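This briefing covers selected residues, a helix pair and a nonpolar core in one protein model. The points are grouped by topic.

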Amino acid sequence: MTVPSQQQTLSKEQIDSVVELYSSGHYQKAIDQIKGLNASHPNVPFLFNLIGACYKELGQSDGALKMFETAVNIKPDYAEAHKNLGITYRDLGELDLAAESLKKSIKIQPNYVDAHYNLAITYKDLNQINNAIRGYEKVIEINPDFAAAYNNLGNIFKELGRKQSAVDYYEKAIAVNPNFAEAYNNLGNAHRDFDNLDSAILSYKKVIALNNNLSEPHYNLGLAFKSLRKLDNAVISFNKAISLKPDFAEAYNDLGNCHSLLGQIPLAINCFEKALELKNDYVEALNNLGKTFNISGKVKAAVKCF
């Protein structure tokens with residue numbers, strides 16, 4: 001939280017006190033203290049920007065929006081408040097207004113990396129893919145160690161079907177931040193799309209080594225093992241994913257497929273039924289259940305599934 005030089009009407013102690021409350025997560029206390037300061041310092045944009053940030057952390061986006069708007073109305077060249085206003089507009093689904101505010105922030109402070117990064121995210125949300133790519137490239141130009149920008153570029157290129165470019169950017173993200181679990185998971189997915197299953201497994205295992213409590217990499221690891229017909233390993237991974245996320249319908253469905261391939265028909269039926277219990281419009285699970293009933297000789301039950 002930067003403090004513009006124009007805030008000389010506030011003492012250092014007053015500024016430090018509210019910033020400390022915000023930084024330590026005491027958002028409501030910070031709001032109460034800022035409101036007290038507003039009574040004697042009614043036109044200090046820093047205070048409105050900070051109280052807006054507190055409202056945003058509390059999930060009160062409408063209140064945050066009003067505070068950021070007040071800050072930029074008082075001080076039109078307040079780059080951080082324009083950035084915060086843009087992010088809040090995006091949270092509220094007002095993407096065009098978000099882009100406008102973020103561009104104002106960048107016009108005031110051309111190398112404001114956080115504003116460029118959030119503008120790139122907004123362009124992606126607007127489906128302005130080329131602008132998003134240029135935005136992330138600008139982030140990297142300003143800060144070559146901005147790992148999330150490489151990761152997000154990887155996601156864009158993966159969606160565009162340029163899987164090698166995606167792999168390259170995920171690897172760059174990991175080179176910058178070797179503990180970037182999300183990038184490892186994304187790299188694993190890209191390798192799996194390439195049918196580089198051994199490389200995918202290594203990536204998923206790296207995610208799990210970094211954080212064993214994420215359901216998605218265990219599920220993805222199960223998919224890779226399943227593709228390699230290492231079904232016992234796949235079963236272990238899908239069960240782990242389910243233990244971490246009990247409402248994981250897709251994991252139940254794929255676990256059911258493994259049990260079916262292993263000839264464990266009652267277990268497979270239970271898994272497909274659980275998937276449908278969690279997601280009653282899950283067509284794939286319904287079809288799998290029907291096929292499994294048919295294999296087990298329960299023709300009438302199978303017919304009801306088709």
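A residue is called buried when its relative accessible area is under 20%, and exposed when that area is over 50%. The model is predicted.

**Serine 203**
- Serine 203 lies in helix H12, which spans residues 197-210.
- Apart from neighbours within four places in sequence, serine 203 is in contact with Tyr184, Leu187, Gly188 and His191.

**Threonine 292**
- Helix H17, residues 283-295, holds threonine 292.
- Threonine 292 has a relative accessible area of 2% and is therefore buried.
- The side chain of threonine 292 reaches the backbone oxygen of asparagine 288 at 2.7 Å.
- Not counting residues up to four places away in sequence, threonine 292 touches Ser260, Ile265, Ala268, Ile269 and Phe272.

**Lysine 66**
- Lysine 66 sits in helix H4, residues 61-74.
- With a relative accessibility of 54%, lysine 66 counts as exposed, because the cut-off for that class is over 50%.
- From C-alpha to C-alpha, lysine 66 and leucine 126 are 24 Å apart in space, with a separation of 60 residues in sequence.

**The largest nonpolar core**
- In soluble globular proteins, nonpolar side chains tend to be buried together.
- The largest nonpolar core has 38 residues, and Tyr136 and Leu153 touch the most other members.
- At least two residues of this core come from each of helix H6 (95-108), helix H7 (113-125), helix H8 (129-142), helix H9 (147-159), helix H10 (163-176) and helix H11 (181-193).
- H7 supplies the largest share of this core, seven residues.
- Leaving aside neighbours within four places in sequence, leucine 153 is in contact with Ile133, Tyr136, Glu137, Ile140 and Tyr169.

**The H6 and H7 pair**
- Two packed helices are described by the angle between their axes and the distance between the axes.
- The axes of H6 and H7 cross at roughly 155 degrees and come within 9 Å.
- H6 is therefore roughly antiparallel to H7, since angles over 145 degrees are classed that way.
- The crossing of H6 and H7 is left-handed.
- On the H6 side, the contact is made by Leu95, Ala98, Ala99, Leu102, Lys103, Ser105 and Ile106.
- On the H7 side, the contact is made by Ala115, His116, Asn118, Leu119, Thr122, Tyr123 and Asp125.

How values were computed: Residues numbered from 1 in each chain as written. Predicted model: local features only at pLDDT ≥ 70, side-chain atom pairs only at ≥ 80, totals over all residues. Heavy atoms only, no water. Helix = DSSP H or I, 4+ residues; strand = E, 2+ residues; numbered from the N terminus. Buried < 20%, exposed > 50% of the residue type's maximum accessible area, 1.4 Å probe, protein only. Polar contact = N/O pair within 3.5 Å; in protein donor to acceptor, adjacent residues only side chain to side chain. Contact = heavy atoms within 4.5 Å. Core = buried A, V, L, I, M, F, W, Y, C linked by side-chain atoms within 4.5 Å. Axes fitted to C-alpha atoms, helices over the stretch in contact; angles between N-to-C directions. Parallel < 35°, antiparallel > 145°, perpendicular 65-115°, else oblique. Left-handed = near helix turned anticlockwise from the far one by under 90°.
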